[in-house]
Amino acid sequence: MGITITGLYITFFALSIYALFTLTTTQIILAYILFYFLLEVVMSLFIHRWATHNLWNPPVWFQNIMSVVSMTALIGTPISYSAWHRTHHKTSDTTSDPHSPKHMSYLDIIFGTHTHKFNVKKAGSRLRNEWQLLLTKYETPLVFMCNVILFLALPLEMFLMWVIAVAMSKFWMVFGTGIVCHGYSKGIPTNVPYMYPLIFNDCNHKDHHEAPKLQPLKFDLWVWLIKRFGWT
């Protein structure tokens with residue numbers, strides 16, 4: 001099943017290159033804003049800092065809605081992503097690491113993210129949520145179904161903006177944090193603040209490996225909001 005989602009991601013990646021040359025400047029700016037939301041809020045804040053590292057406590061209704069968004073955006077479910085990323089932390093830059101540039105080719109890391117091996121038991125408490133279990137069990141058909149609905153419901157230009165945001169968030173998440181932040185082929189977690197416009201809060205990757213934090217940088221609007229909501 002992972003190979004099928006990887007194929008969809010490669011298709012989205014190719015379409016995004018085409019879309020960058022066909023959409024207007026305004027549409028590309030809007031696609032970047034959507035890219036920012038998917039990477040910074042859905043992936044980094046929700047799937048990464050909550051699902052994987054338990055650094056805040058959103059209500060169940062919020063978890064379930066965001067889980068659908070994350071799955072549809074090819075990031076994964078809280079179960080599949082947390083198991084994958086916890087495997088990475090435990091086996092970082094060894095032969096058991098699911099995405100180590102020291103032991104894998106860049107192409108395998110970037111385009112094979114849904115085929116990398118992980119132990120689903122590492123998802124821990126995430127396995128208690130029956131909705132997220134259902135999403136994970138049927139992740140492949142649901143990913144296709146949700147994206148087909150978006151394709152049919154949205155004007156073509158808006159769907160292409162979604163494609164750009166999904167493809168680029170997936171690409172920069174893996175290339176930025178999995179390759180650049182691990183010293184390319186050196187396999188050494190590194191802070192790369194110059195990559196903030198592309199990977200945002202995850203640019204200080206060395207600090208993250210040493211001690212994951214809810215607020216990695218000095219100010220985070222989204223962390224400020226969830227503290228105001230009392231979700232910490």
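Trainee: Which helix gives the most to the lining of the largest pocket?

Mentor: Helix 4, with 3 residues. Keep in mind that this is a predicted model.

Trainee: OK, and what volume does the largest pocket have?

Mentor: About 240 Å³. It is lined by 15 residues, and the closest to its centre are Ser-80, Thr-113, His-114, Phe-118 and Glu-139.

Trainee: Which elements give two or more residues to that lining?

Mentor: Helix 1 (2-22), helix 4 (78-90) and helix 7 (139-153).

Trainee: And how many of the lining residues are nonpolar, polar or charged?

Mentor: The lining divides into 7 polar, 6 nonpolar and 2 charged residues.

Trainee: Switching topic: where is Ile-109?

Mentor: Ile-109 is in helix 5, which covers residues 106-111.

Trainee: Is Ile-109 buried or exposed?

Mentor: Buried, because its relative accessibility is 0%, and the cut-off for buried is under 20%.

Trainee: What is Ile-109 in contact with, leaving aside its neighbours within four places in sequence?

Mentor: With that limit, Ile-109 is in contact with His-99, Ser-100, Pro-101, Met-104, His-116, Val-174 and Ile-179. Look at Gly-178 too: it sits 69 residues from Ile-109 along the chain, and their C-alpha atoms are separated by 7.5 Å.

Trainee: Now the rings. How many aromatic pairs does the count come to?

Mentor: The count comes to 22 aromatic pairs. One of them is Tyr-9 with Phe-111, a tilted pair at 5.6 Å centre to centre, with 35° between the planes. That pair links distant parts of the chain, since Tyr-9 is in helix 1 and Phe-111 is in helix 5, 102 residues apart.

Trainee: Are Tyr-9 and Phe-111 buried or exposed?

Mentor: Tyr-9 is buried, and Phe-111 is buried as well. Phe-111 also forms an aromatic pair with Phe-13, and that one is edge-to-face: 5.3 Å centre to centre, 90° between the planes.

Trainee: What does the pair of Phe-13 and Phe-111 tie together?

Mentor: Phe-13 lies in helix 1 and Phe-111 in helix 5, so the pair ties together parts that are 98 residues apart in sequence. Both Phe-13 and Phe-111 are buried.

Trainee: Which residues form an aromatic cluster?

Mentor: One aromatic cluster is formed by Phe-46, Trp-50, Trp-56, Trp-61, Phe-62, Phe-229 and Trp-231.

Trainee: What lies over the face of Trp-50?

Mentor: Arg-126 does, at 4.1 Å from the ring centre.

Definitions and conventions
Residues numbered from 1 in each chain as written. Predicted model: local features only at pLDDT ≥ 70, side-chain atom pairs only at ≥ 80, totals over all residues. Heavy atoms only, no water. 1 Å grid on protein atoms, 1.4 Å probe; cavity = no way out; pocket = protein on both sides within 12 Å on 5 of 7 lines; lining within 4 Å. Points joined across faces, edges and corners; volume = space filled by probe spheres on them. Helix = DSSP H or I, 4+ residues; strand = E, 2+ residues; numbered from the N terminus. Nonpolar A, V, L, I, M, F, W, Y, C, P; charged D, E, K, R; others polar. Buried < 20%, exposed > 50% of the residue type's maximum accessible area, 1.4 Å probe, protein only. Contact = heavy atoms within 4.5 Å. Phe/Tyr/Trp six-rings, centres within 6.5 Å; stacked < 30°, edge-to-face > 60°. Lys NZ or Arg CZ within 6 Å of the ring centre and 35° of its normal.
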